[in-house]
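Visitor: I have a few questions about how this chain is put together. Could you walk me through them?

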Amino acid sequence: PTQDLIFPPELMTPVVLHQTRWFRGERVAWVSPVSLEELVLLKSTHPQAPLVLGNTALGPEMKFRGAVHPLLISPSRVAPLFEVTHAPQGVWVGAGLSLTQVQMVLEARVEALPQEKTELYRALLHQLRALAGQQIRNVASLGGNIVSALPNSDLNPVLAAGGCRLRVASDGGSREVPLDQDFFRGFRTTLLGAADVLVAVFVPETRPGEFVRAFRQAPRKENALATVTTGMRVVLGPGAVVRDVQLYYGGVGPCTLRAARTGQALLGRPWGEAMLQEAYSVLLEEVVLPPGAVGGKVGFRRSLTLSLLFKFYLEVQQALALMVRPGPGPRELSAIRPLPCCIQPGQQGFQEVSGSQSEQDAVGRPVMHRSAPAQATGEAVYVDDTPPPQGELFLALVTSTRPHASILGVDVSAALRLPGVLDVVTHADIPGHKARSFMGYEEELLADKEVSCVGQLVCGVLADSRDRARRGAAAVRVRYQDLPDPVFTVEDAVQRESFFLPRRRIERGDVCKGLETADHVHSGELRLGGQEHFYMEPQSVLVVPVGEETEFHVYVSSQAPTITQEAVAETLGVPSNRVTCHVKRLGGAFGGKVTKTSILAAITAVAAWKTGRAVRCVLERGEDMLITGARHPVLGRYQVGFMEDGRITAADLQYYANAGNTVDESPLVVEKMVLHMDNAYNIPNLRGRAVACRTNLPSNTAFRGFGVPQAAAVVESMITDVALCLARPAHQIREVNMYRGLSVTHYGMRFDPENLWRCWEEVKGRVGLGPRLEALRSFNQDHRWRKRGAALIPIKYGVAFSEAFLNQAAALVHVYKDGSVLVSHGGAEMGQGIHTKMQQVVSRELGVPSSQVYVSETSTASVPNSCPSAASYGTDANGMAVRDACQKLYKRLEPIRTKNPKGSWDSWTRAAFLEKISLSATGFFRGPDCYMDWEKMEGQPYSYFTYGACYSEVELDCLTGDYRTLRTDIVFTFPPGLGLYTLEQLSFSPGGLLYSRGPSQYKIPAVCDVPLSFNVHLLPDSNNPHAIYSSKGIGEPVLFLGSSVFYAIKDAVSAARAESGLGGAFPLDSPATPERACLACATPFSQRVPVSEPGSFTPWALNI
């Protein structure tokens, strides 16, 4: 038996294969013709009907932009679109072939022909191998890629530069069309008519003296739309004189652009440096982007037009050197040297358990996640996998389109007229509390009279299907009156004193005196962008009315079932005992499924209460990103005083966090910033202030690290600036200032940094720091356009909640007569393996194999009043509660074991039942009494500190900003921090609309971003008396260590700046995207690009 879907046999008959097939749905018809003539007839009859093959362009438009096409034409059985015909001077490639098939055709031509004839084929292969991902290339068609006419197309510039031709069919017959500058008419438009069908593409062979190259720069190495692409071709005559040149660019205008004037300026010139310098001047004048151009990155894109031309020049020079003439030296050729890509062996080290430990005791052993097989096979059940209850409805949300406005009216009449739409839920329908309160502020569940951000929830539409609910939501019309002066940036908020109170401040020593007595004083700042949670499972809720005494079951993807239970109960005006929350597992959370989830669950519950039917609400990725907020963007400013030997005498730090439109947990986030502003450094005179800025962006919320990744990054930026000012290695400045011996934090908490130093020294020893840094210096001397950098970063992270009541936990353990054990606890399984670890606890405490232990869902009916799974404290707290319950049970079984010491576990449990001994027990853990007195600026807000260190080494392409992490050694996870500091970037329009609402605009780390050599080790023999079995909370602390890549990039940028005669400290904001890294390198190319005066134009995106 198999679970694979079979292809319907009736569609495989010969009759079906040779006849046109029509499929008709509620709003769309699908037709599949079998001949080119029939296809042309269909297009002439229905010119606006799109052709669909891979659906890689049309599908996203229909799903995410609401595009509707009454007729879709599938030409997948039209044979001429898939033919490959070899001609004397090239090859005709069917426009219907997938990009993978095209790649195979071109690879075969490269293999069969002399190299001089395959210049164009190899350039196309270069682009094809980086275009999208393999799955996309397997279905996306060549013709679709061409006629989509994306402004940043990877293939069109190369095809145009190579002189390719198109065969086009229409009701007027067949014709050939040159693929050149006249083919592209504007944004996603070409000279092809609506009824034209692209049949095939002619790709010519090249001739001796003809050189073709293609280049691209993209935000991520794979699966990313390009920022700028190029296709460049030159034909050189005797003496390397330019006889013909074609320069095409993508990503620098509304369509593929030919630099005709630049090409004309090169004709008749010898291929050399003088020609190149003139080309730069003409190109800079010819390819102009307005400062507010769509897509932003204007300076970067213009710089790339120059640097990619330089790469083309060097490629041709190198090819000429292989033939007849001397070429550039290896230092210059570093510009076209590819970044390393070979994966090196990595290591993951575990500490061996004691030989005396029982074989069935799983504690301390590397154990596979208990749900891994089910997750890998797709059998793991998430909220949206729950079978629909009878009569289930779907809820789609209507969100604000204005950042700051009064609501004049909500017109739902058009929505209610749509098929399947049953009702609408508004603010007036809420029977209980209409807002959630936190820290003295209220957040409306559904907006009533005013909205304060784009994406704020206004109402919800109920329908009998998901698609119908979304169509209904799109039909709702909200009338607004804009309110003046929306606030978007922290600078705006500071100017208008728009804050969420309280502000937080900690100071020790005399900062003013410490600055006065320092040898040097430096001021700087670091701006850190937000970060989307990007959990695999979006926000998901299913609320089922039980039908008796207003009882509800809530199936929810939440880190905090009790908070969700309370929100639903308060909103409906019922006691909490009428609401049961069920959490089986979460497909990721990272802090983003606490407050916003409870609000979504409350709104869904109102819909279920109003209709008396089960209601499901599952957000699309774009909705989720728009509505739920992200990590807080932070502006950190600092003034630091330091001595000639690198010792820091004083530091004054100020943190401004962009909280968004509601308070959420922002005051707690800024608290944690000032508590961690020392990171691992003992600064005698230290002052830190932090404030949450109230703006008209979607409210930001908790995220893994809870402010620490931002706070510690600012401190490390300060340390790095000190090193740059003194022209000393940064790791030396860190060592001089790190805590030593028994120490006291700036808020008076005592600790021993021994393990901090052990982590630090172990990483130094494993990488061989001295020789590695010397090798980096040697590499940088030998390479003009490639630079390597390295950074070694420590972390000291406080574990547990500073509010003591949040550190408690409870558990319920049942033992059945057959000896099997059922465990319920208050922690939420969200991929971190808490259920697996609870199995290990039970296995040790009861002396049973893990296979006999089952951990059930987290439910408020089994374990009440649970605290959120957060702060890296879930295992510590719930593990102690489970142990408490197990120890009670084990003690109850003592008389049974005494009577039958050689009996088995299941014989003891059966005997206990016969002797009327309870085999069920609750466990409780009170947790540490953490506290912080903000008036006295002292306290013990954490149970203990977790320590780690990480070394990273990168190689940077100074011309494009692309980099590769060569090596990472971590004594301690890594990719989320890597994305935060180097890749993930949220973009907002000048009107406060989030641009980056999906994976095409927002890039998270992929396999291609993993360090080529990745070595992970746990610190051996590290005792922790404050947690169960010496456990250490590592969920959050290690995220910050991803900043080691950021500071390695900054180190490489510093080496690049030295080539331009620039030294000392310089700004580099986070994330260190290719754009920022490239511009910070200050190459001659980026310095040629004029910079527009801020305030003289409206930028495409806000600098949040």
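Visitor: Which residues touch the most other members of the largest nonpolar core?

Guide: Please keep in mind that this is a predicted model. The largest nonpolar core holds 136 residues, and its largest share, twelve residues, comes from helix H22 (residues 708-726). Those touching the most other members are Leu653, Tyr655, Val821 and Leu846.

Visitor: What is tyrosine 655 in contact with, leaving aside its neighbours within four places in sequence?

Guide: Tyrosine 655 is one of the residues that touch the most other members of the largest core. Its contacts include Gln710, Ala711, Val714 and Val715.

Visitor: Let's turn to the helices. At what angle do H22 and H23 pack, and which hand does their crossing have?

Guide: The axes of H22 and H23 are 8 Å apart, at an angle of about 115°. In this contact, Glu716, Ile719, Thr720, Val722, Ala723 and Leu726 of H22 meet Ala730, Ile733 and Arg734 of H23. By class, that gives six nonpolar, one polar and two charged residues. The angle is about 115°, and the crossing is right-handed.

Visitor: How do H23 and H24 run relative to each other, roughly parallel or roughly antiparallel?

Guide: The axes of helix H23 (residues 730-737) and helix H24 (residues 754-767) come within 12 Å and cross at roughly 155°. Angles over 145 degrees count as roughly antiparallel. H23 and H24 are therefore roughly antiparallel.

Visitor: How many charged residues are in the contact of H23 with H24?

Guide: On the H23 side are His731, Arg734 and Glu735, which meet Trp757, Trp760, Glu761 and Lys764 of H24. The crossing of the two helices is left-handed. Besides two nonpolar residues and one polar residue, the charged ones number four.

Visitor: What do the buried residues of H23 pack against?

Guide: The buried residues of H23 are His731, Ile733, Arg734, Glu735 and Asn737. Their partners include the helices H22 and H24. The others are H31, helix H25 (769-782), strand S31 (648-660) and strand S35 (786-799).

Visitor: How many nonpolar residues are in the contact of H4 with H5?

Guide: Helix H4 (residues 99-112) and helix H5 (residues 119-130) pack at about 145° with their axes 10 Å apart, and their crossing is left-handed. H4 brings Leu99, Val102, Gln103, Leu106, Glu107, Arg109 and Val110, while H5 brings Tyr121, Arg122, Leu124, Leu125, Leu128 and Arg129. Alongside one polar and four charged residues, the nonpolar ones number eight.

Visitor: Where is proline 502 found, and where does proline 1071 lie?

Guide: The peptide bond from leucine 501 to proline 502 is cis, with omega near 5°. A cis bond also joins serine 1070 and proline 1071, with omega about 5°. Proline 502 is found in strand S24 (residues 499-508), and proline 1071 in the loop between helix H31 (1043-1059) and helix H32 (1074-1081).

Visitor: Is alanine 240 buried or exposed?

Guide: Alanine 240 sits in the loop between strand S12 (228-236) and strand S13 (242-250). Although it is not a glycine, its phi is positive, about 55°. Since buried means under 20% relative accessible area, alanine 240 with 8% is buried.

Visitor: And what does threonine 550 count as, buried or partly exposed?

Guide: Threonine 550 lies in the loop between strand S26 (540-545) and strand S27 (552-556). Its phi is near 45°, a positive value in a residue other than glycine. At 38% relative accessibility, threonine 550 counts as partly exposed.

Visitor: How far apart in space are leucine 457 and cysteine 164?

Guide: Leucine 457 is found in strand S22 (residues 457-463) and counts as buried at 8% relative accessibility. It touches residues including Leu397, Val398, Leu445, Ile599 and Ile627. Leucine 457 and cysteine 164 are 293 residues apart in sequence, and their C-alpha to C-alpha distance is 51 Å.

Note on methods
Residues numbered from 1 in each chain as written. Predicted model: local features only at pLDDT ≥ 70, side-chain atom pairs only at ≥ 80, totals over all residues. Heavy atoms only, no water. Core = buried A, V, L, I, M, F, W, Y, C linked by side-chain atoms within 4.5 Å. Buried < 20%, exposed > 50% of the residue type's maximum accessible area, 1.4 Å probe, protein only. Helix = DSSP H or I, 4+ residues; strand = E, 2+ residues; numbered from the N terminus. Contact = heavy atoms within 4.5 Å. Axes fitted to C-alpha atoms, helices over the stretch in contact; angles between N-to-C directions. Parallel < 35°, antiparallel > 145°, perpendicular 65-115°, else oblique. Left-handed = near helix turned anticlockwise from the far one by under 90°. Nonpolar A, V, L, I, M, F, W, Y, C, P; charged D, E, K, R; others polar.
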